[in-house]
Protein chains: 2
Amino acid sequence: MDVRKRVGTNLRRLRSETGLSQERFALEHGFDRTYISGIERGARNPTIQVVQRIAEALEIDVMELFARPAE
Amino acid sequence: MDVRKRVGTNLRRLRSETGLSQERFALEHGFDRTYISGIERGARNPTIQVVQRIAEALEIDVMELFARPAE
């Protein structure tokens, strides 16, 4: 599985679990909504510092965004 | 700990465990040696696809490069 898809799938699940829409999550944490949408779809290739910032917004360890999602 | 430092520390340990120098590792897997050196020092901010390529070269899961290193 492509790492972009892996991070995107994890982000979508973890962001949904916070109860925030993509738009609210982006607004509250200073991201562009279309950027978050692109990462969730696996269409973006973010740097590790961007993924770290997202992990901090989710209050999780960055490693969780790289875990192999359940099929 | 900065994610760049975390990935760099893990890469240095895992690459050393293969018995390859930075130069050999880079040569054998098509990376620039100075780029690998920069990542190991935490001076670079690679994209997740670059980190994935490095994980494939190390024959490990990409998640291992994001694990919290032992202090």
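Biologist: How many aromatic pairs does the count come to over all chains?

Modeller: In this predicted model, where local features need pLDDT of at least 70 and side-chain atom pairs count only at pLDDT 80 or more, the count comes to 3 aromatic pairs over all chains, a pair being rings of Phe, Tyr or Trp (its six-membered ring) with centres within 6.5 Å. Residues are numbered from 1 along each chain as its sequence is written, and chains are lettered from A in the order in which they are written.

Biologist: How are the rings of A:F66 and B:F66 arranged, stacked or edge-to-face?

Modeller: Their centres are 3.8 Å apart and their planes stand at 10°, so the pair is stacked (planes under 30 degrees apart count as stacked, over 60 as edge-to-face and the rest as tilted). This pair crosses between chains, joining the segment after α4 (48-58) of chain A to the segment after α4 (48-58) of chain B, with helices taken as DSSP runs of H or I, at least four residues, numbered from the N terminus.

Biologist: Are those two buried or exposed?

Modeller: Both A:F66 and B:F66 are buried, meaning under 20% relative accessible area with a 1.4 Å probe and protein chains only, whereas exposed is over 50%.

Biologist: And what about B:F25 and B:F31?

Modeller: B:F25 and B:F31 form a stacked pair, 6.0 Å centre to centre with 10° between the planes, and both residues are buried.

Biologist: Changing topic, what rotation superposes chain B on chain A?

Modeller: A rotation of 180° with 0.0 Å of shift along its axis does so, at an RMSD of 0.0 Å, by least squares on the C-alpha atoms of residues with pLDDT of at least 70 in both. The two copies are thus related as by a two-fold rotation axis.

Biologist: Which residue of chain B comes closest to the rotation axis?

Modeller: That is B:T47, with its C-alpha at 1.9 Å.

Notes: Side-chain values use heavy atoms; hydrogens and water are left out. Helices (H or I, at least four residues) and strands (E, at least two) are DSSP runs, numbered from the N terminus.
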